[in-house]
Amino acid sequence: MDFKFSEEQEMLRRAVREFAEKEIAPHAAEWDEKDYCPVEVIKEMGELGFLGTIVPEEYGGTGMGYTARAVIIEEVSRYSAGLGIAVMTHSLVVAPILNYGTEEQKKKYLPKLATGEYIGGLASTEPSGGSDLVNQQTTAEFKDGKWVINGKKCFITNYDIADVTLLLTKTGVNEKGRPELTAFIVKKETPGFGIGHKEDKLGLRSSSTGDLNITDLKVGEEAVLGGRGEGQKIVLATIGEVGRSGMSAIGLGIIRGCLEEGLKFAKERELYGKPLTNLQAIQFMIAENRMYYEIGKLLTYRATTLKDEGVRCDVESSMAKLHNTEAAVKAAQRTIELMGGYGVINQYPVGRYLRDAMSTISAGGTSQIMEIVIGGDTIKNF
Amino acid sequence: MRIACLVKPVPDPEYYNRISIDPVRGILTRAGIPVVMNPTDRHALEEAIRIKEKMGGEVVIFSMAPDDAGGILKDGLAMGADEAYLLSDRAFAGADTLATSYTLAKAIEQFGPFDIILAGNESADGSTSQVPPQVGVWLSMPSLAGIIRMEYGESFRVWCDVEEGRVEYEVTPPVVFAVKRGINTPRYIGIKGIMAAKSKKVSIIRVGDISVDLDRIGLNGSPTRAGRIVVPDIGRKGETITGSPGEIAEGIIEGLRKAGVIKEGMI
């Protein structure tokens, strides 16, 4: 086993950390308060190559892989988990185009997505629910040489800032009588792509989440990704391995934020004439934050290392996502307790971390869905 | 245009509260404090890369530090430098600014010639500002320090901060430039730079790799001896000034005048 990051991954971490400390940390509270997604920062990250790690060099990326992507998401989420999910979601259109796209689609979209010229999003969830993916109400009918799409999507991250969205639709019923789902690559300016209501979220407020109202949106055959009827497989694989490992990196960033903020407070705050760190009760809390951070780190980077090696990692990603998002909530709660009265004052960021952590639980599949994935695999294969 | 850039690893200024003084041994204890590229050197490197981008040529980093400083030099390569030399040997240890500048100058001479030597005006830890001009003396190159702005073409126009103002110079290389932090905003390191740094080399230079007089390097070559290191008593004494706002203002001015902060004729 090799638990070391490569020299390039370490350099990347230092580079993103410096960027995050200067460009994200000073503004994160204000973005949260104003419910503002800083598109300009995402663009800047694109220029630095931070959005193109999973894109090979031949398509304008750097090919550093999924571990590098998780390093970036962790460092961003250390200060702003909201921005972290906006950055994470971007890959949910990059990965499927890379894995299932035609050469023409790859050449058309990947170079611009890798550099942040285009921002990406994935629209699969509908008012009827996200976990019941198969029950899509958005339809695509083939008429006069065009696909005509109608329907409504909700809880879509980057819904208003994404230049390119992967849209999941129902295109019919297959020979087994099951819904046939097809994914389309849709550009924002396409007539009929309606940007709807924006959600006022509890946390992750530096990302924008809302509805898409799709009305008579027409696209050609070239917009179909991976072929007719492949949509379910594409979206499930993308959410399962790319989305969930990304969500685990967001949780990891929040846990580290709690660990570092709690430690800083405990070292500076004096009680009975001595720093809080002298108190064993405080040491216990710091120890738990540290331990859950280290567990989360191992789970996340194990999943991404498998992904980089081309090994299936949906179960590992689910475990990392389940652990880290739940542990982030507990770390934030624990850190608020550590800080006493100061913990509930919004001058300190930990209250925001708690709201962010709670908001990560339902994103990319709830904890119960993660348990179904893990449990199912365990019963079958362990 | 070949540019040598001097880079020093220093304890991260973010952690200065963790540095303490060992009064018995007369040294700073900095164990466990992360090391970063000296902040002003980063501005020097940025300027060196900008000169290269405008005028062509190459940027070569020189640093005298332990082997583990290689990561910082790699970051410099990722920013856009082409090559790096890390002067690392126990024989170099314990050097004051004289021995440091001699050793760096000898390495620069060996791997030169260079048209320009760029450095930060001072280091965040020692803060002597002596090394860049001393390197210039060893190499018989003129030097300018306190540089806050530069323009480059056939000749270099350079603006230097001095105590009571700013002096403008026009110089032609070879020359040593020591820059201040306000000169530019260093670029962030991007992934393309990191990937490019993979194929760039950090060469570790031991004492036998350069032609040096052993009496001029390390502790032997360092005439500077720290006499005593003390922690100054900076205990503060409060004074309450009462009266009308005007009287309070007068009292504050008087206090500042007594302390020498306000001199005659300033107000």
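Predicted model: local features only at pLDDT ≥ 70, side-chain atom pairs only at ≥ 80, totals over all residues.
**Domains of chain A**

Chain A is divided into three parts, with domain 1 spanning residues 7–119, domain 2 spanning 121–228 and domain 3 spanning 233–381. The centres of domain 1 and domain 3 of chain A, taken over C-alpha atoms, are separated by 20 Å, and the contact between these two domains involves 23 residues of domain 1 and 25 residues of domain 3. On the domain 1 side of this contact, helix H2 (28–34), helix H4 (66–79) and helix H5 (81–100) of chain A each supply at least two residues. Sorted by class, the residues on that side comprise 13 nonpolar, six polar and four charged ones.

**A helix pair in chain A**

Helix H9 (residues 314–338) and helix H11 (residues 367–381) of chain A have axes that come within 9 Å of each other and cross at roughly 140 degrees, and the crossing is left-handed. Helix H9 of chain A contributes A:Asp314, A:Val315, A:Ser318, A:Met319, A:Lys321, A:Leu322 and A:Glu326 to the contact, while helix H11 of chain A contributes A:Ser367, A:Met370, A:Glu371, A:Val373, A:Ile374 and A:Asp377. The contact of these two helices is made up of six nonpolar, two polar and five charged residues.

In soluble globular proteins, nonpolar side chains tend to be buried together. The largest nonpolar core in the model holds 172 residues, of which A:Phe184, A:Ala332 and B:Cys5 touch the most other members. Helix H7 (residues 231–268) of chain A gives the most to this core, namely 14 residues. If residues up to four places away in sequence are left out, the contacts of A:Phe184 include A:Ala140, A:Trp147, A:Ile149, A:Leu167 and A:Thr169, as well as A:Val219, A:Ala223, A:Val224 and A:Leu225.

**Backbone geometry**

Two peptide bonds in chain B are cis, and they are listed here with their omega values.

| Cis peptide bond | Omega | Loop holding the second residue |
|---|---|---|
| B:Gly112 to B:Pro113 | near 5 degrees | between helix H3 (97–111) and strand S8 (116–120) of chain B |
| B:Pro173 to B:Pro174 | about 5 degrees | between strand S11 (165–171) and strand S12 (175–179) of chain B |

In chain A, A:Asn158 has a positive phi of about 70 degrees although it is not a glycine, and its place is in the loop between strand S3 (146–157) and strand S4 (164–173) of chain A. A:Asn158 counts as buried because 29 C-beta neighbours lie inside 10 Å, the cut-off for burial being 20 or more. A:Asp216, which is likewise not a glycine, has a positive phi near 45 degrees and is found in strand S7 (residues 209–219) of chain A. A:Asp216 is exposed because 9 other C-beta atoms lie within 10 Å, the limit for exposure being 12 or fewer.

Terms used
Residues numbered from 1 in each chain as written. Chains lettered and ligands numbered in written order. Axes fitted to C-alpha atoms, helices over the stretch in contact; angles between N-to-C directions. Helix = DSSP H or I, 4+ residues; strand = E, 2+ residues; numbered from the N terminus. Left-handed = near helix turned anticlockwise from the far one by under 90°. Contact = placed C-beta atoms within 7 Å. Nonpolar A, V, L, I, M, F, W, Y, C, P; charged D, E, K, R; others polar. Core = buried A, V, L, I, M, F, W, Y, C linked by C-beta atoms within 7 Å. Domains from an automatic or database assignment.
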